[in-house]
Amino acid sequence: MLFTNYQHYWGADRNMAKGIVLLLLLAGCSQALSASDFATQRTCEPIRIELCRGIGYNETSLPNLVGHELQTDADFTLQTFSPLIQYGCSKQLKFFLCAAYVPMCTPKVPMPIGPCRGLCLTVKTLCHPILQGFGFPWPSALDCNRFPEENNHEHMCMQGPGEPTDGVVMISKNDRPTCQGLIKSHLYVRLNRSGRCAPLCEADIMFEQNEKHFAEVWLTSWSVAALFTAIIATLCLILSTKRWDKILMPLVISHCLVTVGWAVRWLAGRNATACGYDTQLPGVSLLLTDGLMTAPCAATFLLRYYFGMSAAVWWAILCLRWSKSVRRLLNNDLSGDPHAEKSESSYNTLFQLAAWGLPALQTVIVLVVRLVDADELFGSCFIGNQSDRALLGFVVVPLLTYWVIGSGYLFTAYLRKRSSSALLVNSLPVHINGMGKFLFIYSVPSFLLLVIIFYEFAYRENWLSVPHPSLEPVTSMKAPIWPFILRAVIELLVGVLASAWAVGPRIAGLCRSKINNQVYKQPQPKFNTSPYSAASYQTVVCPQNSLVSVPIGKLPPRHARKYPSHSHINRKPRAYKASSQTMSLTGNETVL
């Protein structure tokens with residue numbers, strides 16, 4: 001080829017040909033020297049890298065196409081691609097990586113045989129989005145422009161086995177990433193330890209960044225308000241000595257600790273609470289599927305779940321106690337049974353065991369089965385954020401059970417009041433009527449919370465799953481943000497309601513007393529219509545025939561009057577002589 005170019009340019013222009021020939025000769029010499037130098041340095045050796053054994057050839061040559069001179073260096077680099085290989089983005093990924101880092105060597109070809117450009121582009125098209133989801137770019141050492149376009153006699157390369165014709169990636173049994181049924185599956189990682197698909201920490205799967213920011217602001221505002229009212233209500237109930245306040249106190253304290261759980265979430269931050277690292281992917285931040293991996297996530301779950309369930313049980317117990325009190329008072333014509341409270345207090349131990357023991361049992365089971373996970377919108381840890389079965393079994397069913405039991409007792413007490421006379425119902429104690437109103441009002445947001453959780457359970461699969469194949473174009477459903485926002489708000493709202501019910505009467509009493517004190521302290525109007533400087537009436541009670549000296553002010557002589565005696569009708573009238581100091585009286589007299 002060099003000589004052909006030489007003769008061509010020689011015939012065209014002798015002088016120009018001399019310079020070109022000189023350049024070509026220099027280039028040819030350098031190319032020959034480099035080829036001969038590479039041929040002397042290149043040696044074929046058996047493949048010792050476990051990942052690249054059994055791929056169609058057994059020998060390689062070093063240095064490889066990216067400059068590694070030792071197989072240990074190439075093996076170390078290939079291990080960094082293990083998560084991507086396990087993910088299964090392309091069937092040809094492992095073959096492509098081995099062809100690039102452990103190229104084929106044969107004595108018949110002086111140069112190492114690497115992958116073709118078409119193989120590189122196919123693998124890059126399928127796997128580059130996954131690397132972007134992890135936050136990594138496509139490696140510069142695997143730039144597809146570095147590889148030959150096709151396999152020919154001038155540049156030999158390996159084209160690979162090819163992708164499946166049906167468009168479905170076939171994964172071996174050793175690599176079992178089966179997250180392809182989820183929308184934006186490239187933003188998930190299949191965890192071999194648990195068999196679950198974990199989303200990336202910063203992945204926007206159901207919600208966008210602006211929606212997450214709005215939820216963060218909303219959560220922080222409601223958490224601060226709920227925590228403030230819960231602390232005040234708890235202190236008021238602790239200082240109270242009333243019986244029904246002590247009965248209401250466990251419910252308020254439970255909601256207070258639920259609010260503390262939400263406060264832990266926004267104090268620690270979203271990523272610190274909801275994101276972590278798995279041993280399978282030590283360098284990739286994932287949305288937690290095991291809440292015990294970080295302390296903020298575990299604390300948030302324990303406070304929200306345990307005390308949330310405990311509050312539901314305490315509400316059912318309050319409904320039971322209120323129903324029994326109403327029926328007892330109405331059956332005994334409001335006279336009450338003096339031994340009723342003593343017999344009811346014997347059940348306190350059973351109530352305490354049920355209210356704290358049942359949620360504890362549920363929490364232990366959840367922790368053992370490792371069902372604690374984080375949600376994408378708020379970044380808070382709970383149960384069922386990524387598992388429908390966990391949401392149904394450990395959230396919906398217990399809450400529905402407690403609500404049905406409490407509502408049943410409320411309904412029976414309501415029927416008993418309807419069947420009683422209006423006089424008896426109106427004569428019920430004020431605190432009994434007030435507690436009944438609170439329990440009825442509390443049941444409404446609790447029922448709405450159940451409806452929202454069940455709605456989330458029913459539609460989550462449609463929000464996350466890829467639509468089924470259809471002749472008509474089908475798009476996946478976009479998850480609305482309002483059920484998740486409303487669920488968090490109601491969870492905090494029931495705590496605010498319980499706290500307000502405990503604090504409200506005390507605030508109202510303080511306001512009434514302050515208003516009354518201001519009314520009583522207002523100065524009385526002065527009437528100076530009398531021509532005298534001062535006047536007062538004083539009733540003096542004296543024993544009969546006794547003299548009493550009463551100090552009085554100066555009176556004009558024209559006001560001296562005669563008053564008949566009330567003690568003896570036939571007694572002569574007695575004249576009162578005005579004096580500047582004293583006046584002598586006997587009997588009952590009113591003196592001006």
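Visitor: What is the relative accessible area of Val444?

Guide: The relative accessible area of Val444 is 48%, so this residue is partly exposed (between buried, under 20%, and exposed, over 50%, with a 1.4 Å probe and protein chains only). The model is predicted, with pLDDT of at least 70 needed for local features and 80 or more for side-chain atom pairs, while totals for chains, interfaces and linings use all residues. Residues are numbered from 1 along each chain as its sequence is written, and side-chain values use heavy atoms, without hydrogens and water.

Val444 belongs to helix α15, which covers residues 430-464 (helices are DSSP runs of H or I, at least four residues; strands are runs of E, at least two). Along the sequence, Val444 and Val494 are 50 residues apart, yet 9.4 Å separates them in space, C-alpha to C-alpha. Another valine, Val369, sits in helix α12, residues 348-369. Val369 is also partly exposed, because its relative accessible area is 47%.

Helix α15 leads on to the inside of the model. The structure contains 2 cavities of 30 Å³ or more (on a 1 Å grid, points where a 1.4 Å probe fits but cannot get out; lining residues have an atom within 4 Å of a point). The largest cavity holds about 350 Å³ of space, the volume being that filled by probe spheres set on the points. Its lining is made up of 22 residues, and those nearest its centre are Gly308, Met309, Ala312, Leu399 and Leu449. Two or more lining residues come from each of α8 (243-268), α10 (295-331), α13 (388-419), α15 and α16 (482-520). The largest share of this lining, 7 residues, is supplied by α10. By class, the lining of the largest cavity consists of 16 nonpolar, 3 polar and 3 charged residues, where Gly counts as polar.

The second largest cavity has a volume of about 60 Å³. Around the second largest cavity stand Leu191, Ala198, Gly276, Tyr277, Asp278, Leu286, Leu287, Leu288, Thr289 and Met293. The elements that give two or more residues to this lining are the strands β7 (275-278) and β8 (281-287). With 3 residues, β7 gives the most to the lining of the second largest cavity. The residues of this lining divide into 7 nonpolar, 2 polar and 1 charged.

How values were computed:
1 Å grid on protein atoms, 1.4 Å probe; cavity = no way out; pocket = protein on both sides within 12 Å on 5 of 7 lines; lining within 4 Å.
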